[in-house]
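Welcome! Take a look at the picture first, and then we can walk through it together.

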Amino acid sequence: MLPLTPAIAAGAALGVSDVLAKLILAAGCDVLTMLSFRSVVGLAFVATWLRFGPEPKADARVRWTSMGVGIIFTGLIFCLFKAIEAIDVPTAILTYFTYPLLTGLIASLVGLETLRWKGVACAVAAFCGLAVMIGAHPAGAIFAGVAYGLGAACCRTAVLLVTRAYLVGADARLTTWYSILSSMVVFVGVSVATQDLSLPQTTLGWLFMVGLSLATTAGILFIFVSTMRIGPFRTALIMHLEPLTAMILSALVLGEVITPVQGAGSAIMLAALVAFQLWR
């Protein structure tokens, strides 16, 4: 159980951050301001992290590729939080979690890996589960939120494929540093240029924003530790705790209780995602 602890902690931390984002938005903050604050805190966290262990080294290719990944990550996190803003957290996160399917399908198309018929069947089942959940949704803004969620999934797929193609073997601490650096420059730069800062209007909102920043940066650290201990494959499987955690906390904290039909669609999708990782 102990080797699995970092991955479990990562899934739980990111699930908590998803729910905190909804609370921060309800406190009067907007997505851009929230992500600008989060990126600054994240950069400070990684800067501290780099002080531990051997001195990391990276050539120019790794640095520029990592910064490019950070630009894609900017789109990922913006779309994800816009999805959370537009619709309930469970639907937003489950839509985003189509990224393992998209990654596997695209990797198969470009020849990076082979996709067997079992993987295709799991992908179809997962998308059917998502369709059931979306079709049973009562909210009018469902399609805008789902579009943002799918946009985040596409960005995540691009991040994974670029990382696999060009950053294998690179020091994860440095790639994380350069990625967060370029992401911070974009978010803070846009915030300064637009001069449109919408800060939380309550003390709780500020506490939630600090909590979100710490939870997401802790999630990054735990993913790194888990990948080193049990490998990327088992880490990816356990990371399905993120949507499960978000669904439970959304019901307890936000009152976003899903209907039985939505629950059935969610269960089908989560089961198909796990099976896809095991059988593809």
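Which pattern does the protein chain follow when read along the sequence? The pattern is α-α-α-α-α-α-α-α-α-α-α, and the count behind it is eleven helices and zero strands. Please keep in mind that this is a predicted model.

**Overall shape and surface**
- The protein chain has a radius of gyration of 18 Å, which agrees with the value near 19 Å that a compact globule of 280 residues would have.
- Along the principal axes, the C-alpha atoms fill a box of roughly 50 × 50 × 35 Å.
- Of the 280 residues in the protein chain, 48% are buried.
- The accessible surface comes to about 12700 Å², and carbon and sulfur atoms hold 72% of that surface.
- Counting contacts with a separation of 6 or more, 90% are between residues 24 or more positions apart in the protein chain.

**Charges**
- You will find 15 positive and 11 negative side chains in the protein chain.

- In soluble globular proteins, nonpolar side chains tend to be buried together.
- Here, the largest nonpolar core has 49 residues, and those with the most contacts inside it are Met34, Leu80, Phe81, Ile84, Ile93, Tyr96 and Leu212.
- Helix 3, which covers residues 60–86, gives this core its largest share, with seven residues.
- Setting aside neighbours within four places in sequence, Leu80 touches Ile93, Tyr96 and Ala152, with which it is in contact.
- There is also a second, separate core of eight residues, and Leu43, Trp49, Leu174 and Tyr178 are among them.

**Helix 5 and what follows**
- Helix 5 spans residues 99–109, and its buried residues include Tyr99, Pro100, Leu101 and Leu102.
- Thr103, Gly104 and Ala107 are buried in helix 5 as well.
- Just after helix 5 comes Gly111, which takes a positive phi of about 85°.

**A glycine in a loop**
- Where is Gly255 placed? Gly255 sits in the loop between helix 10 (241–254) and helix 11 (260–279).
- Is Gly255 buried or exposed? Gly255 counts as exposed because its relative accessible area is 53%, and the cut-off for exposed is over 50%.
- Gly255 and Asp88 are 167 residues apart in sequence, and their C-alpha atoms are 9.8 Å apart in space.

Methods
Residues numbered from 1 in each chain as written. Predicted model: local features only at pLDDT ≥ 70, side-chain atom pairs only at ≥ 80, totals over all residues. Heavy atoms only, no water. Helix = DSSP H or I, 4+ residues; strand = E, 2+ residues; numbered from the N terminus. Rg over C-alpha atoms; globule rule 2.2 N^0.38 Å. Buried < 20%, exposed > 50% of the residue type's maximum accessible area, 1.4 Å probe, protein only. Contact = heavy atoms within 4.5 Å. Areas by Shrake-Rupley, 256 points an atom, 1.4 Å probe, with all protein chains shown as cover. Lys, Arg positive; Asp, Glu negative; His and termini not counted. Charge placed at Lys NZ, Arg CZ, Asp CG, Glu CD. Core = buried A, V, L, I, M, F, W, Y, C linked by side-chain atoms within 4.5 Å.
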